[in-house]
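Subject: Structure for your review

Dear colleague,

Please find below a structure that I am handing over to you. My findings come directly after it.

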Amino acid sequence: MKRIIDKSQKREKADFIIQHAQIADVFNLRWRQGDVVVADGKIIAISEPGEFEADEIIDASGKYIVPGFIDAHIHIESSMLAPKQFNRIILPHGVTAVVTDPHEIANVAGKAGLEFMLRDIEDVEMDIYYMLPSSVPGTSFENAGAVLTAKDLAEFVHHGSVLGLAEVMDFPAVLNGEEGMLSKLKLAQDAGMIIDGHGAGLTSAQIRGYRAAGIATDHECVTAEEALDRVEQGMYVLIREGSAAKNLKAILPAVTVANARRFAFCTDDKHLDELMEQGSINYAVALAIEEGMDPLLAIQLASLNAAECYRLNNKGAVATGYDADFLLVDNLQTMKALAVWKDGKKVAEHGIMLTPAPEKSVIEMSILYSMHLPKLSKDDFSLPFKGNRANVMQIVPNQLITKRIEANVDVVDGEFMPCTKKDLLKLAVVERHHHLGTKAVAIVQGIGIQSGAVATTIAHDSHNAIVVGTNDEDMLVALNALQEMQGGLVIVNEGEIIASLILPIGGLMTDCSAEEAKMELQKLHDALHIIHPTLDYHLFLTLSFLALPVIPDIKLTDTGLFDVTAFKHIPVEITD
């Protein structure tokens, strides 16, 4: 502290100075001319030219300095990378911190999964903060790989990278005051931590119950009206722009200069290829500017607002006393980082990390071998019908919500037959954690594949195996491949595996480099266009959310078809 004070008072040289840039003042929403003076990882002054001396002078004429961006809510597992590798693809885009919920790996591996995620960030350059999973399992009526109680979570409360309790998605448990949920909420409140919400489809009255429980954020708004209701009730709204859920354009009309401090940006779930090509929060900022938002306001949402929401003191601004986390850009419309500094060190330039690649992650064997599918046959995908009327799950492209529709389906010899002309396909979920043998089959519309099957072990949040197909034979081949691979993504056509990506870390993440994984993922996307020539949405990520029974209207778990609105299981066939 004394050394920094001495440097701030010019008794010692600073480490470096960036001169002649336009500096984003996120407190006053203005551009400020000056020199950014850095020492010991801190910004010690915004000075007049020539006022300070330093060991290094950087000329940034014609460029802008903006605070490092913060992703207010993300699941690193959805990048399919371990944290060490995730760090290296995000930092070059100017995202210097993320707040992540590791409930994906926790639903597979419990405390061992949490310990792995915490251990894997020990040597990363960016700030990776964790929220403790509140919903493991996600609901009581499906089978996940683990159970985490308040007592289990208490072991992690005082870890330096833990900020609070992650998205509370079991809203009946909250609103009914169930003991297990109340214990988790009290754990977070007693520790003075923030609690994240998950208010998908909740009414204003139900949000009132969330606020009574001390829940402070919501990233599930899909309309401006929902967003305004949350803000009026004192919540932070995290505007989501991910791979499957793209809500920014719909919510942006709710943001004004008067209420903007209650909004921040997040991705929630974004796939590896898009993260590498687009980045995350930098992409949201550029999109908001394209939609008409003032660049300074968009930058404020992406930095200061997120920092203050999660009580990250000394982050989120280019200002005296703040951490030296910032990026240099020359085009506010694209928000492409020319260089990125983290804690006063230049860590990336022109999209490339400047630090050495990390060693491979250390992973427990129980996490690497998490696949326990039963021996399956084509009969396991049978869907008997007496009539031909069915409850069908209809997807909404680029959204996590689905619609429950009623449809006449093709029935042959008393069994449902998929029909590509009507785009009515078979969907199945099979428990894969504890040899329980539970499985369920339903009908989905909107996937659009013309042949074959697609399967994955990424199936939020319980992460059982999920498969969609035009025929039982290919669905069986796909699930058998997942078992042999110990998890991942696979595409089958005419009985042959035409592309796959092995995800050995809990069936969710790869242990290879981001570059290697991206190449394999590109092969998967190419193969998808073989069975779906007109594909125009993120099929794998959409498929992964068809088993999440906390987002309306209708989902499929290993225990059956579930009506989220009515909050009960429903039959596939309509008999009355």
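The notes below cover the overall fold and then the salt bridges.

This is a predicted model, in which local features need pLDDT of at least 70 and side-chain atom pairs count only at pLDDT 80 or more, while totals for chains, interfaces and linings use all residues. Residues are numbered from 1 along each chain as its sequence is written, and side-chain values use heavy atoms, with hydrogens and water left out.

The protein chain holds 16 helices and 30 strands (DSSP runs, H or I of at least four residues for helices and E of at least two for strands). Its radius of gyration, taken over C-alpha atoms, is 24 Å, close to the 25 Å given for 576 residues by the globule rule, so the chain is as compact as a globular protein of that length. That rule is 2.2 Å times the number of residues to the power 0.38. Buried residues make up 63% of the 576 (buried is under 20% relative accessible area, exposed over 50%, partly exposed in between, with a 1.4 Å probe and protein chains only).

The whole structure contains 32 salt bridges (a side-chain nitrogen of Lys or Arg within 4 Å of a carboxyl oxygen of Asp or Glu). One of them joins Glu 155 and Lys 111 at 2.8 Å, N to O. Glu 155 lies in the loop between helix H4 and strand S9, and Lys 111 in helix H3, so the pair ties together parts 44 residues apart in sequence. Glu 155 is exposed, at 53% relative accessibility, whereas Lys 111 is partly exposed, at 29%.

Asp 323 and Lys 315 also form a salt bridge, with their closest N and O atoms 2.7 Å apart, and both residues are buried. They belong to one network of salt bridges with shared partners, which also includes Lys 42, Asp 127, Asp 325, Lys 342 and Asp 343.

Kind regards
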